[in-house]
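Biologist: I am new to this structure and would like a close look at a single part of the chain. Please take the salt bridges and the part of the fold around them, and go through it step by step.

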Amino acid sequence: MVWRIPLVRRLLNCVPGVLLIGLSVFMFAPRALDADSSAVPAALGVLILLAGITLAVRAYRLGVEIRDGEVVLRGVLRTTRIPQATVTHVDVREATLVWRRPDGAVRRTKVAAFTARESAPSDVREYNQRRMTEIRKAIKGR
């Protein structure tokens, strides 16, 4: 099962990455092609381009997947994999999973895709809470 945010929000989340891609292309590509310039602009442009692509793709793929007894939380910067059997609580309001590591330590992991500030529009908060309720049912329905 896969839960993602609506397409429009997914596309809007990609904007910072797309801006970095544009910055690398328009600011650094002309300098990199200049025969008199050093390799620094080209290297910097490539790094910013790769960062932009990574951010855009990961922002688009924000979400939660449950498969093969594992809860996969895809965030902007990292993906967290949690064994489904170790999840002890799903906090719908805070969009957080509470789970236990094998050593017994309790961990709290935010679900980036469905976290919203109090200042967010009410329809966004309601959508996120509905999705977190579905996720809680899917996890507990093992």
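Modeller: Nine salt bridges are present in the structure, which is a predicted model. In general, side chains with opposite charges can pair when their charged atoms come close.

One of the bridges joins the side chains of Asp91 and Arg108, with 4.0 Å from N to O. Asp91 belongs to strand β5 and Arg108 to strand β7, so this pair ties together parts that lie 17 residues apart in sequence. Arg108 has 52% relative accessibility and counts as exposed, because the cut-off for that class is over 50%.

The two strands belong to an open sheet of three strands, ordered β5-β6-β7, and the pairing is antiparallel. β5 covers residues 87-91 and β7 covers 106-110; both stand at the edges with a single partner strand each, so one side of each has no neighbour in the sheet. From one strand to the next, the twist averages 20°. As a general point, the strands of a sheet pair through backbone hydrogen bonds, in either a parallel or an antiparallel way.

The pairing of β5 with β6, residues 96-100, is antiparallel and runs over four bridges. Asp91 has Thr96 of β6 standing opposite.

Leaving aside residues up to four places away in sequence, Asn128 touches Arg9, Ala113, Phe114, Thr115 and Ala116.

A further salt bridge joins the side chains of Arg93 and Glu118, at 3.8 Å from N to O. This pair links distant parts of the chain: Arg93 sits in the loop between β5 and β6, while Glu118 sits in the loop between β7 and α4, 25 residues apart. Arg93 and Glu118 are both exposed.

Arg101 and Asp103 also meet through their side chains in a salt bridge, here with 2.7 Å from N to O. Arg101 has a relative accessible area of 32% and is partly exposed, because that class lies between the 20% and 50% cut-offs. Asp103, at 54% relative accessibility, counts as exposed.

Elsewhere, salt bridges form a network that links Arg4, Glu65, Arg67 and Arg74.

The surface also has a part made of nonpolar residues. Val8, Leu12, Val15 and Leu19 form a nonpolar patch there, with about 390 Å² of accessible area together. At least two residues of the patch come from each of two helices, α1 (7-13) and α2 (15-33). Leu19 is found in α2, and this residue is exposed, with a relative accessible area of 58%.

Note on methods:
Residues are numbered from 1 along each chain as its sequence is written. This is a predicted model: local features need pLDDT of at least 70, side-chain atom pairs count only at pLDDT 80 or more; totals for chains, interfaces and linings use all residues. Side-chain values use heavy atoms; hydrogens and water are left out. Two strands pair if DSSP finds at least two bridges between them. Axes are lines fitted to C-alpha atoms, for helices over the stretch in contact, and angles run from 0 to 180 degrees between N-to-C directions. Buried means under 20% relative accessible area, exposed over 50%, partly exposed in between (1.4 Å probe, protein chains only). Contact means heavy atoms within 4.5 Å. Patches are made of residues with over 30% relative accessible area and no salt bridge: like charges are joined within 9 Å, nonpolar side chains (Val, Leu, Ile, Met, Phe, Trp, Tyr) within 5 Å. Accessible areas come from the Shrake-Rupley method with a 1.4 Å probe; for residues, only the protein chains shown count as cover.
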